[in-house]
Amino acid sequence: MTGRFSCAVLDYGSTLTRPGSPVDPGLDMRRITPAAIEVIHELHEAGMILVLASNTRHGQDRREALRRAGVLERFTATLQSATLGVAKPNPLFYRFVLAAANVAPSRVLFVGDNMTKDVLGPLEHGMRAALITPDADRPSLPPGAETIPDISHLPNLLRTWR
């Protein structure tokens with residue numbers, strides 16, 4: 001399934017979660033969707049390196065949401081801006097991503113919902129990018145980027161990307 005990619009870097013908000021869904025008071029963030037959990041397991045089983053790359057507030061820890069969803073152990077690294085002291089789109093954040101991936105940048109697919117932070121930043125560092133956006137809102141993208149309507153379409157994109 002993975003083809004040209006060895007690593008999938010996943011944003012959290014509106015990538016692993018559903019926009020507009022209620023915030024879980026025990027987590028202080030939205031829960032990971034069942035579709036995202038399924039995709040995480042599928043990618044891991046296919047041998048993909050998984051990295052979480054998320055901008056976070058001080059005291060917010062995405063690892064608890066991953067743990068509750070039963071997928072924390074599937075991730076090689078969880079990069080959170082509050083812990084790192086640097087956030088997307090700072091170039092240093094993407095250098096942390098590439099160090100965690102430990103593969104050539106061209107073998108990394110960065111998946112998220114923000115054009116600047118999850119597409120342009122990764123492309124500037126030699127990665128490829130998948131922008132999650134509803135069909136009606138598909139922007140034109142630079143070379144090296146594709147769109148998908150939600151995380152459930154990621155496995156198919158990985159199978160078909162040339």
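1. C7 sits in strand β1; helices (H or I, at least four residues) and strands (E, at least two) are DSSP runs, numbered from the N terminus. This is a predicted model, in which local features need pLDDT of at least 70, side-chain atom pairs count only at pLDDT 80 or more, and totals for chains, interfaces and linings use all residues. Residues are numbered from 1 along each chain as its sequence is written, and side-chain values use heavy atoms, with hydrogens and water left out.

2. Is C7 buried or exposed? C7 is buried, at 0% relative accessibility; buried means under 20% relative accessible area, exposed over 50%, and partly exposed in between (1.4 Å probe, protein chains only).

3. Leaving aside residues up to four places away in sequence, C7 is in contact with M48, I49, V51, A101, V103, R107, V108 and L109, where contact means heavy atoms within 4.5 Å. V51 is 44 residues from C7 along the chain, and their C-alpha atoms are 7.5 Å apart.

4. Most residues other than glycine have a negative phi, and most peptide bonds are trans. The next points concern exceptions.

5. S14, in the loop between β1 (7-10) and α1 (34-45), has a positive phi near 65 degrees. S14 is partly exposed, with a relative accessible area of 24%.

6. D28 is found in the loop between β1 and α1, and its phi is positive, near 65 degrees. The relative accessible area of D28 is 44%, so D28 counts as partly exposed.

7. The K88 to P89 peptide bond is cis, with omega near 10 degrees. P89 belongs to the loop between α3 (81-84) and α4 (91-101).
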